[in-house]
Every structure is written in C-alpha cells, then in structure tokens.
Amino acid sequence: MSEDVAPFVAPALPPGSGRATPAIVPAHIEGASFGDRVYRLATTGFALVIPALLLLIAWEVFHAGWPALTRFGFGFFTSSDWDAVKGNFGAAPAIYGTIVSSLLALLLATPLAVGVAIFLSEFAPNWIRTPIAFLVDLLAAIPSVVYGLWGVLVMVPFIREHVMPFVKDTLHLGDFPLFSGAAYGPSMFAAGCILAIMILPYISAVTREVLRAVPRSQREAALALGATRWEMIWDAVLPYARSGIVGGVILGLGRALGETMAVTMVIGNRHEISASLFQPGYTMASLIANEFAEATNDLHVSSLMAVGAGLFVVTIVVNVVARWLVWRTARAGGGT
Amino acid sequence: MTAPSFTAQRRAVWRSYRDQLAANTARTLGRRRLFSRIMIALTFIAALVAILPLLLILWHLIRQGAATVGWQFFTRMPKPAGEAGGGMANAIVGTGIVVAIASVIGLPIGIFAGLYLAEQRTARLATAIRFLSDVLNGLPSIVLGIFAWGMLVRPFKHYSALAGGMALAAMMIPLVTRATEEMIRLVPVSMREAALALGYTKWRTSLSIVLRTAAPGIVTGALIAVARIAGETAPLIFTAFGNSFWSVSPTQPIAALPMQIYNYATSPYDDWHAQAWAGALVLLGLVLVISVAARFATRSRAGLGSD
C-alpha cells in the first residue's frame, strides 16, 4: 500500500520561467481559471433567475393591471360595484373578505398553534412528541384542493346544520350583527375555519423553532426562582420568544391572504360586503380564480390583474415583516 | 459595631414570619401548581384539537374515496355527468407530465442557484438573492398563475401544458434553491479542501465532490418540492386549463388531478363528487408517498452533518 505513495519532492523550477512550467503542472490546471470562471458565471446566472422572475412577475401583473388602475383610480379599492357587463370594477368586497377571513383564521389558529408548539417543545414526552409533530406537519402537506373538497362536502354542511343553528337558536345570537342573516353554508365563517386549519402547521412550526432558540439558562433561572412549569413558560420563555412568535403568526397571515382553492370552494363567492360572518363573501384570490377564465373583455382581465398586483404587494410586505421578526429572534437566541 | 446577635425575641419574630411565609407559600403553591397542570393539559388538548381535522379529513377521504378507487380509476377516461363509473386516467397522466415539465425547468435552476448561494455565502448579491427567493416562495400561487397566463398563454392565444409546467416551475425554484443551499452547507469543508489539495479545480470540486456528497439531501429537497407542486391547482387553471380528453401534448391544454378534483367537487352531481373523493385520495396518496420517500432518502444520509 505505502509503495504507491511516492514522497512528494518539489522539482526545481527552471530559472527565469515565471509561468511556463508545463512539465510539472498537470494539464487540467492550465484551464482551471477558465473552467472556474465558466462555472462561476453559470451558477451566478442561474441564481439571477430568481430576481429576474420576481421582476417579470411584478412587471406582468402591474403592466396588465395598469389600465384598470388608471381607469378607476383609488375607487378601484373602495368601490364594491363589480359588473362585467357595464364595465364597472371595484374590488372592495374582495379586499374586505381577504382581510376578514384571514384575521378570523389567525384568531382561531394562533392560540391552538402556539399551544401545540409549547406542548411539543416543552412538555410532551418523546413517544408522544414524534407522532403528533408528524401529524401536524402532515397538515401542511395536504393539497389545498383536498381541503376545499373536504370543506365543501363535509365541513360546510356541518356548519350549516349544527354550528349556525347552535349560535342562532341555542345561544340566541341571531340578532347580533356578526351572526345575522339567513344561515348559508358557504360563508366567511367557513372560509375562516378552513384557513385556520391550513395555516396552523406553519405558525406552529415557526413557534417551535423560536422556542428552541430560547436559551436553557432562561428556563433554569425561572425554575430556580421557584416558578412552576407553566410560570416558567409564561413569564420567562414566551416573553423571550414573543417577536419570533409574532413573526410566525404573520407568516401564517401571508399564507392565509394568498390561499386560493380551498377558500374559493367554501366562501360562497358573493361580491358584497356583509358584517355577518354567516354570509357568503369573496377574497381577492378567489375572485381571480373564479372569474379569470371567464373574463371576456380586456378591462375585466385588467381588473383581475390589478387585484393580483394588490395581492402581490400585500403578501410581499407581510412576508418581509414576518421574516425579519423571525430572523431577529433566532439571531438573538442563537448567540447564547 | 458588633454583629447583631439574634435574641430570643427576634428569633421568635423571624420564626413566625417564616412560618407565615411557608404557610402562604404552601397555600399559593398548591394553587399555582394546579394552574400549571391545567395549562399544560390545555396545551395537550390544543395538540389533540389541531390533529382532529387531519384525522377527520383522512377518515372521510378513505370512507368516501376508497370504494371508487380501483383499477378502473387509473385506466378509464372520465364519464359525462350523470353516468356512474369512469376514471381519471388522463388527469393522472396529465399531472405527471406537468410536474415533469416543471421539474425539468425548475430543478437545474434551483440546484445551481443553491450552489451559488452556498458557495458565495457572504456576497451581498447572495444575501439579496436568498431573501428574494424567500419572497418568491411566499407569493400566492394564484399570482404565479396569472403571471404565467400573461407570459405564455395570452401571446400564443391558447392554453398549454407547457405554460402550466412553467408556472409550477416558478413555484419550485425557491424551494429547491433553499433545500440545495442547506444541504451543501452540511458538506464538511475538509472534503472540499481535500479535493482541492489533490489538484481538483474548483468547479470540478463543486460538481463531483461537494454536489455529489450532498446529492441524497438534494434529492430529498427536490422530492418535497415535487410533492408540494403536484397538489397545486391555482397556477394551472389559467395555464394548463384542463382537458376532458386524452392529451399528452405539451402544447395542448392538459388535464391535471387537482383541477379535475376542483371541477368535480364544485359540480352538483353525486357521481362526480364520488370521483372527486377518489381523486383526492389518489392525490393525497401520491403526495404522501413522495414525502415519505423523501424522508427515507434523508435517513440514509444521516450522519453527514454530524462533524
């Protein structure tokens, strides 16, 4: 074995030959700088596809949405008149619906998701943590359209036959504006519920990650001072992780705002602003999904593109804020 | 000054103090412990509530879909409304084709972009691209759908499988990029140094040593990305559009499983609902099989990042 390894002896360079040492430098190193340059250029080029793609997307949606935006001006976002025949387009109900359904989803999902994350990262014994973490992660793997199918064929009938009558007749909240009107199955409430299920794994995953970044010393100090296990979480761990958890929640918000298929299938798709959660509504994404293929005139297409542009801007802002918050917490925790 | 010595009186005061405190503590501690237990139980209940919808969805899918999923479902074409039976052969093949197109475009771009990010870790451009890749990942899929429509459908005036594949590729690129970057970072620097010391050029080191070492992890990332896009509907409705007939041509409208489920689920026919359940069961099965395969690919790689 050791016979193969000849001792390396640096050959003496011929005097005066700065670069030309052909005899001892293997041939492929001659081309090294060229090959490396090509490689570097190629990887940089492929990496630049990402910003290029984003620019193209932005250009496409704004360029295509421009006619509608200039035609209707600011009224595009405040008017609720959406009439393809007369050529009047105002996206207010879709914007309202997007915000309300997403907020409702956050309201339902956040306590659950944070609870799950706390349970999994702090309290669960190993044998129970693995399967529950796996199942929660699985929620994120289910395609949107499968949620929609389940939502429209199982959840919506359940809400119509059990939840709505319960709220109206048993709790007598029928006159309360949030729950007023005829009990449709497909509704803002249904959309909020399905969205809550869909964003829960995202919020919970980020929260777990952030909790993991909280230093051990923080927990030990609280316990040493005589805190119970819950007081340790509530007074020492959660305040430390707060901004990261908020980041996770906002990340979930970003998902909820852009979620399309499941919402389209359960929200009822009615272009109207209604205070009641039990009434059908619309979201920006479902408006596009529903009408785009049938849009006949250019102004209609342009209006839908403008809605898409709005969605583009909003989700970018939301994501940037969320990532910044998560990054800040993870960095703060990583150092200690 | 002399150190204060405890007189009997003082000692008694302190004792009563201490006893009172202890009594108080015992009383409140019991309450605090109980509260702690209740809250911990509540987090456990939250976990149960969170997985309840998952179990319900799985249960309904299996109960409603299993009866319809058979040999026929994979080999037959869809039947018109009102006729029972039929299958989704065209949609299953269509999903395969659209995902293949997306992978052919998205994988090389994603892998090379990931290589770039991992190797130029600190360059300002790399930081910017890493951030933009996250931004692209956060875009709603419907926006990618209308984008692809504007770029690839409107100019050519007809829907095509190619446009659908491109829209999905745009979704796939940031996923593959970040997965590749992470996996390449796990490769020990010593391997790269060893290769360079043996006289490998930088690019050969990157491709035949580093990339190859990270390959199982990258395969995992790629599979997860495929599982993710295979279930997407929104980018396809205005690009691939759907097709009720057999078509494998990339320039023609093509059927896809998620779109077919969407169309059938929103129809008023019970037969089509049954087909939608079956389609959803198949789709979910497909997605889960790919994800589990991805997990196994990672497991065989375990230990790579340990040093």
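**View 1. Surroundings of V98(B) in the predicted model.** Leaving aside its neighbours within four places in sequence, V98(B) is in contact (C-beta atoms, placed from the backbone, within 7 Å) with A161(B), G164(B), G165(B), L168(B), L236(B), A240(B), I254(B) and A256(B). This is a predicted model, in which local features need pLDDT of at least 70 and side-chain atom pairs count only at pLDDT 80 or more, while totals for chains, interfaces and linings use all residues. Residues are numbered from 1 along each chain as its sequence is written, with chains lettered from A and ligands numbered from 1 in the order in which they are written.

**View 2. The largest nonpolar core.** This core, a set of buried Ala, Val, Leu, Ile, Met, Phe, Trp, Tyr and Cys residues joined through C-beta atoms within 7 Å, has 195 residues, and those with the most contacts inside it are I194(A) and V98(B). Its largest share, 18 residues, comes from helix α7 (residues 188–213) of chain A. A residue is buried if 20 or more other C-beta atoms, placed from the backbone, lie within 10 Å of its own, and 46% of the 336 residues of chain A count as such.

**View 3. The contact of chains A and B.** Chain A gives 69 residues to the contact and chain B gives 68 residues. On the side of chain B that touches chain A, the largest share, 18 residues, comes from α1(B), helices being DSSP runs of H or I with at least four residues, numbered from the N terminus. By class, this side of chain B has 48 nonpolar, 16 polar and four charged residues, where Ala, Val, Leu, Ile, Met, Phe, Trp, Tyr, Cys and Pro count as nonpolar, Asp, Glu, Lys and Arg as charged, and the others, Gly among them, as polar.

Conventions:
Buried ≥ 20, exposed ≤ 12 C-beta atoms within 10 Å, placed from the backbone. Contact = placed C-beta atoms within 7 Å. Helix = DSSP H or I, 4+ residues; strand = E, 2+ residues; numbered from the N terminus.
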